[in-house]
Amino acid sequence: MTDKEIIQHLRDGSRTKAFQRLYRYYPKVKGMIKQYGGNSSDAQDVFQEALIVLCRKCNQPDFVLTASLDTYLYSVCRFVWSDELKKRKRIPPAQLSQSLAAEYDEGSEKESIYKLAENALSQIGDKCKEILQLFYIHKLSMTEIAEKLGYGSEQSARNQKYKCLENAKDIYQQLIVKREGGNAA
């Protein structure tokens, strides 16, 4: 289920489906909460509050998701936990803000890298996309892929998959060079 589909389920009121998918992000949030002095119960409370915030946001007509749902939900959890810690006065607000800001910068960099990879994958041919999806998403064997796409042998399909990956890597590297050149200007 994509981020857009999850948001659509939240808007349609099909929250159970959406929540089942969103809970895959919970372990990451739990780790962050524990890192900053919380426990499992705190993590559950924070995550549930973040889900409420997300539901409210999704129902606003002008809401547009500009990052991945994972990044957005994690950020909401960080802010909710930051507020809770300020109330509890466990961590001085300045120290907490600095550590959360550093974590946010790291998350933003990861998001940027994911967007570059996504961009690179969007630039490879349809046949390459299909091979990679069948292998990585649908978990088909190379023999099954060869049969499905009409390759003469498993080895032919394997060679094509390798070429597709190399092509995607080359495009990705070009995008990185372009980005770094753009940032230097």
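Helix axes here are lines fitted to C-alpha atoms over the stretch in contact, and the angles between their N-to-C directions run from 0 to 180 degrees. With that in hand, here are the views of this predicted model.

**View 1. Helix 4 packs against helix 5 at an angle of about 125°.** Helix 4 covers residues 40–58 and helix 5 covers residues 69–88, and their axes lie 9 Å apart.

**View 2. Residues of helix 4 meet residues of helix 5.** On the helix 4 side, look for Asp42, Val46, Phe47, Glu49, Ala50, Leu51, Val53, Leu54 and Lys57. Their partners in helix 5 are Leu69, Tyr72, Leu73, Val76, Cys77, Val80, Trp81 and Arg88.

**View 3. Helix 7 has a buried side and a face turned away from it.** Cys128, Ile131, Leu132 and Leu134 are buried in helix 7. They cover an arc of only 160° around the axis, which puts them on the same side of the helix. Asp126 and Ile137 are exposed, on the face turned away from that buried side.

**View 4. The chain has 9 helices and 0 strands.** Of its 185 residues, 32% count as buried. Among contacts with a separation of 6 or more, 58% come from residues 24 or more positions apart.

Methods:
Residues numbered from 1 in each chain as written. Predicted model: local features only at pLDDT ≥ 70, side-chain atom pairs only at ≥ 80, totals over all residues. Heavy atoms only, no water. Buried < 20%, exposed > 50% of the residue type's maximum accessible area, 1.4 Å probe, protein only. Helix = DSSP H or I, 4+ residues; strand = E, 2+ residues; numbered from the N terminus. Arc of directions from axis to C-beta. Contact = heavy atoms within 4.5 Å.
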